[in-house]
Amino acid sequence: MDVVLEADQLGKRYGNTWALRDCSLHLPAGRVTALVGPNGAGKSTLLHLAVGLLRPDAGAVRVFGESPYNNTGTLADIGFVAQDTPLYRDFTAAELVTAGAKLNRRWDADLARNRLAQLGIPPNRPVGKLSGGQRAQVALALALAKRPRLLLLDEPVASLDPLARREFLQSLMGSVADAGTTVLLSSHLLADLERVCDYLIVLQSAQVRLAGPVDDLVAEHRQLVGPRHDGGPLGGVAAVVRASHTDRQSTLLVHTNGTIDDPAWTEREVGLEDIILAYLADGDTAASHTEWGVPA
Ligand code: ADP
């Protein structure tokens, strides 16, 4: 497997707080990876480390085999759309496309102009006066004009309405599929991600909770409903991710490592959204127990 981005025990600290800690992961080439986690999980920090805007306090991050920090060679291959798509708001889209040519070694101005024309974005209006969806499209067009091998997007659709979100993700998928670009996309909007991503990384409390190809993760997780279960091993189950109980019955979301052949359990498939929520809910409870100093 070709790896585009690799983090090895990566850490970033603000004062005494680790925004990201012991983070080890890799990003396979040519995939669209979802980076998911609650507010404050460390998603932006990871993206900023990957694009060389921050320097690690521990471990290492490598993009195309090199540290991106202060590395103009590697940065030329990375496109980045930051949160809230910050653009020079007094500039028009046409001016931003022209300016990009001066700031980048490789710049496909025609690609940007064609995209924006196709999307009906007015070229001569200051981008501060465009709609949120249009601004997001301008930011994406500018990032794609670099012809990046790796494209990082930090909550690109958070402020868009459902229609603009769908249009944005469709146009993103169209352009990256043609070019074989590797994409890492952070978002809270799990349903959107399920449609467009084929690899998943879940971050929580500065650490990686789950990572892998979406198809494998969905195949390996099941919901089990059966008699009340108070712990102990279950055949075919590697880990119970989340459990809820009534007096007589337990509902478990489990990570399997084989066949569940105990007929007492009814087995159901689960979607990606349920899997992510189960991991996040479990971590929330554990973190809260630690904060309160009581056993989980
Ligand atoms: P996310 O993108 O998942 O919401 P962030 O990477 O923005 O998470 O933040 C991770 C943690 O680091 C949070 O606890 C946040 O408060 C903290 N943090 C982020 N940036 C700064 C900063 N510039 N100064 C101090 N703390 C920060």
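Me: Helices (H or I, at least four residues) and strands (E, at least two) are DSSP runs, numbered from the N terminus. In which loop is the place of N70?

Reply: This is a predicted model, in which local features need pLDDT of at least 70 and side-chain atom pairs count only at pLDDT 80 or more, while totals for chains, interfaces and linings use all residues. Residues are numbered from 1 along each chain as its sequence is written, and side-chain values use heavy atoms, with hydrogens and water left out. N70, which is not a glycine, has a positive phi of about 60°. Its place is in the loop between β4 (58–63) and α2 (72–75).

Me: Is N70 buried or exposed?

Reply: The relative accessible area decides this, since buried means under 20%, exposed over 50%, and partly exposed in between (1.4 Å probe, protein chains only). For N70 the relative accessible area is 70%, and therefore N70 is exposed.

Me: How many helices and how many strands does the secondary structure of the chain come to?

Reply: The chain has 296 residues, of which buried residues make up 46%, and its C-alpha trace spans about 65 × 40 × 35 Å along the principal axes. Its secondary structure comes to 9 helices and 13 strands.

Me: How many bridges join strand β1 to strand β2?

Reply: Two strands pair if DSSP finds at least two bridges between them. In this chain, β1 covers residues 3–14 and β2 covers residues 17–28, and the two strands run antiparallel. Within the pairing, L5 stands opposite L27 of β2, while A7 has L25 as its bridge partner in β2. The number of bridges that join β1 to β2 is 8.

Me: Which residue takes a positive phi in the hairpin of β1 and β2?

Reply: The hairpin has 2 residues between its strands. A positive phi near 60° is found there, and the residue that takes it is G15.

Me: Which residue in β4 does E6 stand opposite?

Reply: E6 lies in strand β1, a strand that is joined to β4 by 5 bridges, the two running antiparallel. With a relative accessible area of 37%, E6 is partly exposed. The residue of β4 that stands opposite E6 is R62.

Me: How many Å apart in space are E6 and A145, C-alpha to C-alpha?

Reply: Along the sequence, E6 and A145 are 139 residues apart. In space, taken from C-alpha to C-alpha, the distance between E6 and A145 is 25 Å.

Me: Which residues of α1 are buried?

Reply: Helix α1 is made of residues 43–50, and it is mostly covered, with 6 of its 8 residues buried. Going along the helix, the buried residues are K43, T45, L46, L47, L49 and A50.

Me: Which residue takes a positive phi just after α1?

Reply: Helix α1 runs over residues 43–50. Just after this helix, a positive phi of about 75° is taken by G52.
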